[in-house]
Amino acid sequence: MQTPFIRISNLTKHFQMGGTTVRALDGVDLDIPQKSFTVVMGPSGSGKSTLLYLLGGLDRPTSGQIAVNGLRLDEMDENKLALFRRQTVGFMFQSFNLIQSMTAEENVGFPMQFAGIPSKERTRRSKVLLEQVGLADRGGHKPSELSGGQQQRVAAARALVNNPNLILADEPTGNLDTTSGIGIMQLLADLHQSGRAVLVVTHDPRMVRFATHKVFLLDGKVVSETEYRAASLE
Ligand SMILES: Nc1ncnc2c1ncn2[C@@H]1O[C@H](COP(=O)(O)OP(=O)(O)O)[C@@H](O)[C@H]1O
Ligand SMILES: [Mg+2]
């Protein structure tokens, strides 16, 4: 049998807060195949962002195993983890996380600096990526001159810079109006169609129609949809 694209076993992430331990993730087991579209749902504080951060190599687990594409993130040192982030993952956040003083094109090109790509080539590739997300004519605009939906498209273009095969999006439509939100969902669906694995944290039921997999989190644990629905009714 083929090993899954993402394999998580008995994963925990604990935070020490004053005298108490917050179990953000409390023994998560999860297998996710290649080319899947996974929607992660759960109430606030259930561990969704923590799970995404660990998958993206932005943070480290307290214990347990987490592997992406056969690479054990829990065993990597900082250098390997940085390389993993650069080569494998594209991240989109609720708040876009664009650099306000830079144009759309510069924002997209920014991560390429760390890969040592020369300025001219960065500009060329940024233009191609902005075109892919439908913003060919907005490259010279700063974030403050763009709508929320357009800013999230810039963030999507930036996430695609290194042609990652895993896209992680943490409530990417959370700050958008309905129409822009649908546009971003469609964009994520297109990225999935192009052969990438997409993992989206969302509260938006409309995202579910794109899902090939659904993950429900409660108190740092993966639960079944039935358990999840029952808990939501309490
Ligand atoms: N850096 C941190 N320090 C302390 N506690 C944290 C930290 N990050 C998350 N937590 C706690 O872990 C739990 C899960 O957080 P999070 O993954 O952000 O949940 P969600 O994204 O589902 O709202 C929450 O109780 C949160 O307060
Ligand atoms: Mg969160």
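Start with helix α4 and what covers its buried residues: the cover includes α3 and α5. Contact here means C-beta atoms, placed from the backbone, within 7 Å. Helices are DSSP runs of H or I, at least four residues, numbered from the N terminus. This is a predicted model, in which local features need pLDDT of at least 70, side-chain atom pairs count only at pLDDT 80 or more, and totals for chains, interfaces and linings use all residues. Residues are numbered from 1 along each chain as its sequence is written, and chains are lettered from A and ligands numbered from 1 in the order in which they are written.

Next, select R122, S126, L129 and L130, the buried residues of α4. They lie on the same side of α4, because they cover an arc of only 95° around the axis, taken from the directions from the helix axis to the C-beta atoms. A residue is buried if 20 or more other C-beta atoms lie within 10 Å of its own, exposed if 12 or fewer, and partly exposed in between, with C-beta atoms placed from the backbone. On the face turned away from the buried side, pick the exposed residues K120 and E121. Past the helix comes G134, with a positive phi near 80°.

Move to α3, residues 104-114, and colour its buried residues A104, E105, N107, V108, G109 and M112. Their cover includes α4 (119-132) and α5 (148-159). G116 follows α3 and has a positive phi, near 75°.

Finish at L55. Leaving aside neighbours within four places in sequence, L55 is in contact with I6, I66, V68, L168 and L199.

Definitions and conventions: Two residues are in contact if their C-beta atoms, placed from the backbone, lie within 7 Å. Helices (H or I, at least four residues) and strands (E, at least two) are DSSP runs, numbered from the N terminus.
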